[in-house]
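Biologist: I would like to go through this structure with you, one feature at a time. Please give the general idea before the case.

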Amino acid sequence: MFNDLRLGIRLTLVTMALTGLLAISFLLGMGIGPSGNGISELLTAVFGSGDPQSVFSVIVWKIRLPRVILAAAVGSTLSLGGLVFQALLRNPLAEPYILGISGGSAVGAISGMLLGFSPFPGMALAAFAGSLLILVLVVGLISGNTSMGRDSLLLGGVMMNAFCGAIIMFLISITQTSEVHQILFWLMGDLSMSGLDRLPVLLTLLPCFAVVFVLAKPLNLLLAGRESAASLGINVRRLTMLLLLVTTCMVSLVVCQSGLIGFVGLVIPHVLRLLLGPDHRLLVPACILGGASYLILCDLLARTLPTSGEMPVGIVTALIGAPLFIALLWRSRRCQ
């Protein structure tokens, strides 16, 4: 009883703090940009005291708001996906991008794009099929390998990433349409194509988030080992398959919308685990809120750092995440 009360208090405090951070990130993402306007102009536009037909109001409501919402959805999904993969595979270096899951989604999405599929459900289903195939291949590579599970997992993910990259370059090389430049920019993580018409699709993510949150306690039991979890009444195989399918589904959905954005699922779960501990009942909502804030701020840097134009947000996340990945890999080898 005391532990449940303590958990409830911690969960409330963490949720309130990260919700406040998300609100600040939303304001910064909507109020700052190349147009030169700031937070004061944003508040004027939001609370209706400004001209609704002004250029800045149009920028805020039709360009920045959809982009900020998309960044929040993508960041929360990739962060939560990294947390789930790390728990299921018991490897702190696992995340959708490094394991090749995002690359498989990109192959499926580009194939659907070139075949003329609609963004939803055509491209989404193609992306899901591609990511699911890569997931099966990566997990198959490490099945039965108990002596080098971590190294095999990382090497398998790197190999699948390279394979997916080769397929993507092949598809681009045989494409003779004007979509090639758009595809290349999209591959580096592009949120500029967001629009109000795409946002309803993101509501599909909410049931996925709910499933992971409900299964947070069984995820805690998996940390002690599959045998220990099974002895406590957990159907490990069913739990693993359900979480892998749900996570692959939501990652595929956001890859269709944003392209390849790497290392979000590595940075956020690792930082939050250091701050909050290993309890997934805290980490799941924290990753959802923290990942959303993180990618909004990264996208803000991608829009404001260049003196002209903007850079893909995937470049910003890679500049932050790649050194952290190298540091974690070096630390894990020292601990072995």
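Predicted model: local features only at pLDDT ≥ 70, side-chain atom pairs only at ≥ 80, totals over all residues.

Modeller: Residues are numbered from 1 along each chain as its sequence is written, and side-chain values use heavy atoms, with hydrogens and water left out.

Biologist: How many helices and strands does the chain have?

Modeller: Helices (H or I, at least four residues) and strands (E, at least two) are DSSP runs, numbered from the N terminus. Here the chain has 14 helices and 0 strands.

Biologist: What share of the residues is buried?

Modeller: Buried means under 20% relative accessible area, exposed over 50%, and partly exposed in between (1.4 Å probe, protein chains only). Of the 336 residues in the chain, 51% are buried. Accessible areas come from the Shrake-Rupley method with a 1.4 Å probe, and for residues only the protein chains shown count as cover. The chain exposes about 15800 Å², of which carbon and sulfur atoms supply 71%.

Biologist: How is a helix pair read?

Modeller: Two packed helices are described by the angle between their axes and the distance between the axes. Axes are lines fitted to C-alpha atoms, for helices over the stretch in contact, and angles run from 0 to 180 degrees between N-to-C directions. Angles under 35 degrees count as roughly parallel, over 145 as roughly antiparallel, 65 to 115 as roughly perpendicular and the rest as oblique.

Biologist: At what angle do H12 and H13 cross?

Modeller: The axes of H12 (residues 264-276) and H13 (residues 280-304) cross at roughly 130° and come within 9 Å. H12 and H13 are therefore oblique to each other. Contact means heavy atoms within 4.5 Å. Among the residues making this contact are Leu-272 and Arg-273 of H12, and Gly-290 and Tyr-294 of H13.

Biologist: And which residues of H3 and H8 meet?

Modeller: The axes of H3 (residues 55-89) and H8 (residues 205-214) come within 12 Å and cross at roughly 30°, so H3 and H8 are roughly parallel to each other. Ala-73, Ser-76, Thr-77, Leu-80 and Val-84 in H3 meet Leu-205, Phe-209 and Val-212 in H8.

Biologist: Is Leu-305 buried or exposed?

Modeller: Leu-305 is exposed, with a relative accessible area of 54%. Leu-305 lies in the loop between H13 and H14 (313-335). Leu-305 and Gly-33 are 272 residues apart in sequence, and their C-alpha atoms are 9.8 Å apart in space.
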